[in-house]
Structures are given as C-alpha cells and as structure tokens.
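Here is a friendly briefing to read with the structure open beside you. Take it one topic at a time, and look up each residue as you go.

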Amino acid sequence: MINEELFIAHVKHNNSGWDKPQKLEDHLYGVSALASSFAKDDDMKAWLEDIGWFHDLGKYSSQFQIYIRKNSGYEENIEKFLTLTNGVVKNKVAHSTAGAIQAIKNFPKNFVGILEAYIIAGHHSGLPDWYSQNSSGLKLRLKNGEEDYKNVIKQGISSKYLQPRSDLALPKYLYKDINVLALWVRIAFSCLVDADFLDTEAYMDPEKFKSRQKSICLEKLWTEYDKYMKSLSGKAPASLVQKKRSEILQSALTAAEQEPGIFSFTVPTGGGKTLATLGFALKHAIKYQKKRIIYAIPYTSIIEQNADVFRKVFKELGNDIVIEHHCNLDADLKDDDFKKLATENWDAPLIVTTNVQLFESLHASRTSKCRKLHNIQDSVIILDEAQQIPRDFHEPITKTMDYLTKYFGVTFVLCTATQPVLTKVSDSFGKIVFSGLNDIREIIEDPISLANDLRRTRIIFDDLDKPKTWEEIANKVLSEDCVLCIVNTRKDASDLFKLLPDNDENFHLSASMCAQHRSDVIEEIRDRLKARRNGSNKPLRVISTQLVEAGVDLDFPTVFRALAGLDSIAQSAGRCNREGKMTELGKVWIFKPEKKCPPGFLRQGEDETIALLSSDPKLDVLSPQSFNLYFKGLNSKGNRDAHNICGLLKPEPDPDFYIPGIKISFKDAAEKFRLIDDNGISIVVPYIKNNEDESPVFQWIAMLESKDIASVKWVYRKLQRYTVSVSEKLAKSYEEQGIIEQHAGLWVALSCNYDFKLGLKEPDSLLAPNQTVC
C-alpha cells in the first residue's frame, strides 16, 4: 500500500525546476466542490459532489502514476509505483473508466450509478452512446475496464471512495418525464467538465485562471442601457416609425415584469427589436435573478452588427461586456484574453452567438461544446429571427426549450417579424404529431395593428403566370436609380449581375464572396445610401442572394424579389423604406424567374406561397395572419424530427446488464444534430480590398507551412473570414482543373480565379492558372 499523499493529479515545470505537484485528493476535492456549485437544484448539487470525487479515481492506479511522471519528466517516487507493476510500463493509460465502474457499484439497486458512469467515463472523450459498434460504447467500456478498476482498488485507496450509497436521489420531475433525462445528464456533465478544466487551470496556469475573474452585475448594464436609451430619445426626429418604436420598447419593458417562461415578440422589420429585447432581457433578468443574457442569431453577419450595437450601449463599462461566440471570432485575441476564455464556458453577462452554436451545444456530446451548458441555466435567451430554426429540427429544439424553461430557469423570447408556428399540432384523429411549445405569451398587444401601422411598403406581384428572363429583370433594374434586387441562388445573382454595365454603380452580394469581402461591400453600400440621403444622385443598384434578408440593416426605396417563401418576401420588404422617411410607400416588386427555386425547403416555400396566393389573390402577405397560414402549410409537408434526435435521446432500459442499464445515444444524436449541412468544402480565397496590395492570405498560408501549427493557430481564425464554402462536387471540379491547391491541409484558390466583384468564379469562367500560392 502506498501513502495516498504520493498520488498526484497534475505536475508542471517552471523556470527554476518543478512546482509542487497537485495532489490527486486535492484535485478531486476541488472539482467536487466546484462542480456542485454550478448546479441549479440541491439534488444535482449532491449528485455532482459525488461525481467530482469519482471522476479521476483511475488516477489512483500505479500505471497512471508512472505514466504522468514519465510523460512530464518528474520522476520523484516513481520507483515505488514501479515495484507494484513489476517494472511493466504502459504507454497509454485510460483513467476515466474506473470511476464509472465504482459509481455503478456504489448504487447497486438503481440506475443513478449508470448516469454517473456516463458522465465520468466521458469527461475527457465526450458523452458516449450506451452501445457502439466499436469499443467506445459505455456498456463495453465498463466490461473491458474491470481489470484497470481492480488495479486501482489494489492500491488500498481510502474506503471513503468505496461505500455503497443510497442517499442520492434524482429530481422528482425526471420520474414524471423521463425524456428530460438526456438534457439533465448533459447539464450535469457540463458542470463536471467545466469544474475539471478550471481546477486544473488554477494549478497549471494561475494567471490565466485569474484573468477569468471578472464580474459585471446586470444592474450596471441596466444603468448604462437606461442612460443610452434616454440619449437616443432626445436625438430621434419625430416620425410615425419613432413613435411606434417607443411603444414597442414600452411593451417589452412592461412584459419583462411577467413570470419567466416563453415569450414571442412579433415586430415588423425596422421596429427596433434589437434594443427593445435587450431592455426586456435586462429588466426580466434583474427581477427574476437570472445570471446572463444570450442572443442567438442565425447569421454571423447579424451577430457582428448586433454586437456593435450592444458595445455602443455599454461602452462606458469596457470592451469585455459583449462576448461574441461564432466562427468569425477576432483572430487577434490572445489565449488568455477574457473574451476568448469566456467563449469556452459562457461565463459572462452578455453572450451573442449563433443558433448553430446554441442548439448544437445543447445536443452535443463533446466536452468542448458541452462545457458551457451549465451557464445556460438561469438565463434569458433571445432567439432573433426565430423563423430561421430549421423545420427538420423543430421537435428536438422545442423539447429542449420546454425543458430549459420548466426545470432550468431559462426564459425564451421568439423575436421576429414572421413568427413560425411552434405550438402543438395534432392530426385529424387527435394524435399529437408535434409536441411543440405551450403557453407562449405575446409581448405585443396587437401584432396585426402594429404590422398595419408600420406598413412602409406595398407589395406588387407581377404576372406570376408569365416568368421573366434575366434580360427583362436586368432592364427593369437599370430603370431604377436606387434598387436592391434579391434572387434565390448564387448562380442567379451572378448571371443577372453580368447583364448590368461594369461600373461602380452596380454591386453584387452572394456567398460566392468570402465574409470579409461581403462585409466590405455592405459597408460601401451603406455609405452610398447615406450619400444619397444627403443629396447625391449617383445611381446604386445591388444584386444579392437572400443573405441580406435577415437583419442586414439596409434601406432602399425600391426592392425587387424573385418569387420565394412568404417569410423571405417579408424579410425583403424589411430592406425597403425601412426608416419610413419616404413621402409614399416603398415598392417591393415580386417577379417569377424562368427557373424555380432549388429543390428542398426553398422550393417548398415558393410552392406554399403560390398556393396561398391562388386561394386568396387579395392576401395581405405582410400580415401576421398570413405568416401563420404559411408556416402551418409549410410545416405540414415535412418531418419535424427528420434525424430521429428525440428517439436517440429517449432513455431505454437494457435488461442485458448486471444492474438496470439505460440506453441513451448521446454521441450518435450529437453527430446527427447538424443545423447546417457540413458536407461542403471550404476554400480559402485571395480577396484583396479595393483590389490593392497583395492578399494577406498567401502570407498566412506560408506561416502555417513554415511554423509549428500550434504557435500560429490564430491564423486559422483569420482565414475563416477569407473562405467560401462550395459543394463537394464543385470542389472536385476545381481540383481537377487545377484551380485550387492544398496548402497546410487547406484548399486554396489562386488569385486569377477570384473575381473582386463576383467572388469565387464558376468553373466555366475560370482562367487557366500558371501560378503557385507561395
């Protein structure tokens, strides 16, 4: 038997030698205390205290103690452990399974031990499935880990780890609705993972740990918000739009006094939703002791725009108030920068993120994605442009929202001009086919009247029985001095734009352009619009895909829109006479191209719009009633759990186990829960602003090829804004033609194949390259 004091969890080297190792018992105690402090209810607190003690039980094996000393070069007392293994040294030692086995032995008569085993076994590699074709499944890991477990017990560790337990219970609501169990386990898993990371960091890198310690109370944010809104009210010119924005804000602040739950906020585009929902969230959070505010937005372009608005509001409080978490994070952030650290676990008062990051994390199994989940408890979550939640995932998403609201203290706000139908749906026999959300409270007293009061455009449907050629559309565009024309695909945008004169009066926007390129063009378009408001007569014509529809703050007197879903038409109308400053209504002209929308959800939206117009030619397409009809019809045509996420996460008993087993497919569900189809290929493009100087892309690629990747990993974040995603088929064509080359594991396009107006060229227009990337 070896003295328990000799077992270590971590060890680090400093400039003068070795720091005192972190004792294993100290680490177990620290993680246990920290994990339990993250829990919301007393049942979970006690449960996590238990899990914290067992999570690294496997480090009590002699093999692990030899491994950590050999691996680090710290060999003190290593000979004592070598004597117990007869000199046999393993190159790799798994340490998480022993604690999982002990957890099961501590609860021999119920399934609490199985739940602990999922969490303990996965605290490094991620929550496992119960059964897997390979050895990663929990059931097989428990079976194969018995030998390692026995080696741990041989060390004569303290009996405090080995006592059967009967005093821990699961919350009663889990017995009422067992389907909550998977989410409950993921949140408990999050508590353990974050506690493990933080306790380890506090020992290994105390300065980095200290840099996390910032606390800004929501009351301070409210004070700054109130001050900012009062300053705006004095500057805004009197107009109907400003009057309605004030009423909308007051409705939001009044509703914030209501009990937590799920709210809808149905406000036409341009009605001031961003600042109004921020006011609701702050006031509601303070009244009901919520810990943070999370904005989930469908597109990164809107995130950056909204985050800039919030930074203006809170500029007196410094740069660390607003934490953005998305793929275009500032690459210049240091690894110990508070903003960077806060994206790891969302320990900050205001998070601005994407729907993808929020909902994929809530259904994740990996430690890095799950780590933040416990900080979603007791928060206010604003779902901006809520209609963008993909229909194929409605069932798992709404179930998760319902559970978070009922059991984890979350308040949701569904914020959009075009509210989706997310309530319960039954078939003609009364069978529930979509469980949906219940008790959604609308913040706006009369959304229909508000939509009419804020009507700033008139929708004109051209003869939809007679499709228009792109030449006809181009001539129509050229007849306008200031117009935005929105089409359905990248190719449509490219084909139409090429029919316009090649001059500085015409602009193109599509996903064929990298994010940095699009941002620069949008900024220039805004400058041109501002100049026109100040008297400039220079024409401005923009051809764009639907990327400008959700939240991009543009204001044109005239908008043309290719026929699409009713929600897309409404979002397009939101770019027309947005501020209501025209003496007459803006004009939104809907035309039907010769080619229909691509098959899939876009085509279904187009067909549903045609069906509605056919049934009622006088349909008010901008009315909330019309959106309700549209989404009901659209949702009836698809499966709201197309990937069986709910089925994979439904707990099932496994009688073929020596104690009650529970089958949950955490890993499989996480792999199938992808809001964005990631089958595309990302291509780095050599974009240069204003066609000046050399693109920085080539310099960054050269750095990746010449240096240790770990030392320049910030380059990958830089390159994210210089990538274009294409289909695998198209990427193969680029590769076959020698248009793209691989460098540092990335596909890179050559300069001659990136157009500084259209973006990445289509294969039929590509030039034959004779240059290399470096």
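Leaving out neighbours within four places in sequence, E608 is in contact with L629, Y630, G633, L634 and K637, where contact means heavy atoms within 4.5 Å. This is a predicted model, in which local features need pLDDT of at least 70 and side-chain atom pairs count only at pLDDT 80 or more, while totals for chains, interfaces and linings use all residues. Residues are numbered from 1 along each chain as its sequence is written, and side-chain values use heavy atoms, with hydrogens and water left out.

**Around E608**

- You will find E608 in helix α25 (residues 601–615); helices here are DSSP runs of H or I with at least four residues, strands are runs of E with at least two, and both are numbered from the N terminus.
- With a relative accessible area of 7%, E608 is buried; the word means under 20% relative accessible area, with exposed over 50% and partly exposed in between, using a 1.4 Å probe and protein chains only.
- From E608 to L719 is 111 residues in sequence and 39 Å in space, C-alpha to C-alpha.

**Aromatic pairs**

- The structure holds 22 aromatic pairs; rings of Phe, Tyr and Trp (its six-membered ring) pair if their centres lie within 6.5 Å, and planes under 30 degrees apart count as stacked, over 60 as edge-to-face and the rest as tilted.
- One of these pairs is F560 with W589, which is edge-to-face, at 4.9 Å centre to centre and 70° between the planes.
- This pair links distant parts of the chain, 29 residues apart, with F560 in strand β18 (residues 558–562) and W589 in strand β19 (residues 586–591).
- Both F560 and W589 are buried.
- Why is the pair of W700 and Y722 edge-to-face? Because the planes of the two rings are at 80°, with their centres 5.4 Å apart.
- W700 lies in helix α29 (residues 696–706) and Y722 in the loop between α30 (714–719) and β23 (723–726), so this pair ties together parts that are 22 residues apart in sequence.
- W700 is buried at a relative accessible area of 11%, and Y722 counts as buried at 11% relative accessibility.
- Ring pairs also link Y687, W700, Y722, Y754 and F756 into a cluster.

**Charges over rings**

- The charged end of K372 sits over the ring of W346, 5.4 Å from its centre; this label needs NZ of Lys or CZ of Arg within 6 Å of the ring centre and within 35 degrees of the ring normal.
- R640 lies over the face of F434, 3.8 Å from the ring centre.

**E705 in its helix**

- Helix α29 also holds E705.
- Is E705 buried or partly exposed? E705 counts as partly exposed, because its relative accessibility is 42%.
- E705 and A744 are 39 residues apart along the chain, and their C-alpha atoms are separated by 5.4 Å.

**Two asparagines with positive phi**

- N77 is not a glycine, yet it has a positive phi of about 65°.
- N77 sits in the loop between α3 (62–72) and α4 (78–84), and it counts as buried at 17% relative accessibility.
- N577 is not a glycine either, and its phi is positive at about 50°.
- N577 is found in the loop between α24 (566–573) and β19, and it is buried, with a relative accessible area of 4%.
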